[in-house]
Amino acid sequence: MGSMKVMGVLCREFRAVTLASRSLLPTTVCARDALQQVRGLNISHINRPAPGDHKNYRYKVHYPEDGQYTIKHLKTTKLGGRDPETGRIIVGTLGGGAKRNYRWIDWFRYGPTDGTFLEERVIGILYDPNRTARIALVASGINMRYIVATENMKKGDLIRTSSYIPRITVRPKEGDAYPVGALPVSTLINCVENRPGDGARLIKAAGTAGVILRKMSDKVVVQLPTKREVALDPQCMVTVGRVSNIDHGKKHVGSAQRRRWLGRRPASGWWQRKDGYCGRKIRPLPPIKTYAPLQPKVPIMTLTLDNEGPPRPVIPSTDRVT
């Protein structure tokens with residue numbers, strides 16, 4: 001519907017433009033060029049984000065101006081599938097939905113590197129309307145933050161975080177966070193970093209879990225819930241266990257109104273799912289994906305041949321003249 005409205009508006013504007021400025025434009029100018037000359041637009045060079053570019057077109061979060069982390073609920077602005085800069089509809093199936101406030105999740109779980117632990121107590125397991133999993137409010141001293149809760153995490157538990165890789169693998173406990181190189185093979189993990197220091201990027205949905213398959217010389221191979229294998233740096237932080245709310249996929253929507261509450265627009269009727277009438281091709285799993293470490297930014301050096309700069313200091317010679 002959005003594209004049809006845009007085409008209708010363009011047709012009406014071009015008809016008005018051609019009737020009003022027929023004597024000003026040459027007869028060989030096409031509709032697009034005429035509209036550009038009159039309105040000063042460059043339609044062919046508008047940067048349109050492609051679907052699946054891992055951007056959030058559902059809502060925009062208003063973070064604090066000082067950038068300090070807070071557990072207060074943050075205000076959001078609904079985008080309805082539109083690009084926040086251009087206003088063009090990118091995802092046509094989004095729109096509406098119940099009003100939600102954002103809970104700022106801390107995806108960076110880091111601890112001491114000297115073999116000790118950072119202990120935090122779980123204050124409570126809470127509902128988050130912006131994600132499928134449950135979240136946990138944890139505290140250490142006067143610092144409080146939100147993290148993704150695991151399957152059996154409950155109020156009052158003590159969870160540990162360590163960034164140290166010992167010579168012998170640690171005994172995994174659900175809810176604790178360790179480098180992936182410190183855990184034994186066949187451990188269930190979630191909230192996985194794909195690069196050290198980049199924060200949790202993988203396995204964050206409700207009921208999902210990855211498994212450590214094997215360890216190579218300088219990499220640890222982890223199997224994702226999609227059965228894909230990734231080779232990670234041993235320093236990548238992970239959380240032990242399965243993500244909470246494991247029955248999320250079994251819930252039935254039940255009504256069209258609930259889909260609207262969830263922020264989904266009704267289907268147009270033209271879209272059809274493949275029914276498998278002609279069968280499916282059986283393809284092998286993709287090869288192991290390896291993530292390269294983040295490269296530090298190298299400062300740009302500027303070289304010049306300018307001789308008008310400050311005079312160089314004269315270094316006295318240590319050779320004694322006889």
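The largest nonpolar core holds 19 residues. A nonpolar core is a set of buried Ala, Val, Leu, Ile, Met, Phe, Trp, Tyr and Cys residues joined through side-chain atoms within 4.5 Å. Buried means under 20% relative accessible area, exposed over 50%, and partly exposed in between (1.4 Å probe, protein chains only). Val180, Leu183, Ile189, Val192, Ile212, Val222 and Leu232 touch the most other members of this core. Strands E10, E11 (229–232) and E12 each supply at least two of its residues. A second, separate core has 10 residues, including Ile135, Tyr146, Val148 and Ala206.

The model is predicted: local features need pLDDT of at least 70, side-chain atom pairs count only at pLDDT 80 or more, and totals for chains, interfaces and linings use all residues. Residues are numbered from 1 along each chain as its sequence is written, and side-chain values use heavy atoms, with hydrogens and water left out.

The protein has three helices and 13 strands. Helices (H or I, at least four residues) and strands (E, at least two) are DSSP runs, numbered from the N terminus. Of the 322 residues in the protein, 31% are buried. Contact means heavy atoms within 4.5 Å. Among contacts with a separation of 6 or more, 60% join residues 24 or more positions apart.

Two strands pair if DSSP finds at least two bridges between them. Strand E8 (residues 188–190) runs antiparallel to strand E9 (residues 210–215), and two bridges join them. Ile189 has Gly210 in E9 as its bridge partner. E9 also pairs with strand E10 (residues 220–223), again in the antiparallel sense, over four bridges. Here Ile212 stands opposite Val222 in E10. E9 and E10 form a hairpin, with four residues between them. Neighbours within four places in sequence aside, Val222 contacts Val180, Ile189, Val211, Ile212, Arg228, Glu229, Val230 and Leu232.

Asn245 lies in the loop between E12 and helix H3 (256–261). Asn245 counts as buried because its relative accessibility is 17%. Leaving out residues up to four places away in sequence, Asn245 touches Thr132, Ala133, Arg134, Ala206, Gly207 and Lys251.

Empty space was examined next. Rolling a probe the size of a water molecule over the atoms shows where empty space is left. On a 1 Å grid over the protein atoms alone, a cavity is a set of points where a 1.4 Å probe fits but cannot get out. A pocket is an open set with protein on both sides within 12 Å along at least five of seven lines, and lining residues have an atom within 4 Å of a point. Grid points are joined across faces, edges and corners, and a volume is the space filled by probe spheres set on the points.

One cavity of 30 Å³ or more was counted. The largest cavity has a volume of about 130 Å³. Its lining has 16 residues, and Trp107, Arg109, Cys191, Ala200 and Thr239 lie nearest its centre. Strand E5 (143–148) and strand E12 (237–240) each supply at least two lining residues. E12 gives the most, with three. By class, this lining has 10 nonpolar, three polar and three charged residues. Ala, Val, Leu, Ile, Met, Phe, Trp, Tyr, Cys and Pro count as nonpolar, Asp, Glu, Lys and Arg as charged, and the others, Gly among them, as polar.

The largest pocket has a volume of about 1,700 Å³. It is lined by 44 residues, of which Arg58, Tyr59, Asn130, Arg131 and Thr132 are the closest to its centre. The pocket lining divides into 21 nonpolar, nine polar and 14 charged residues.
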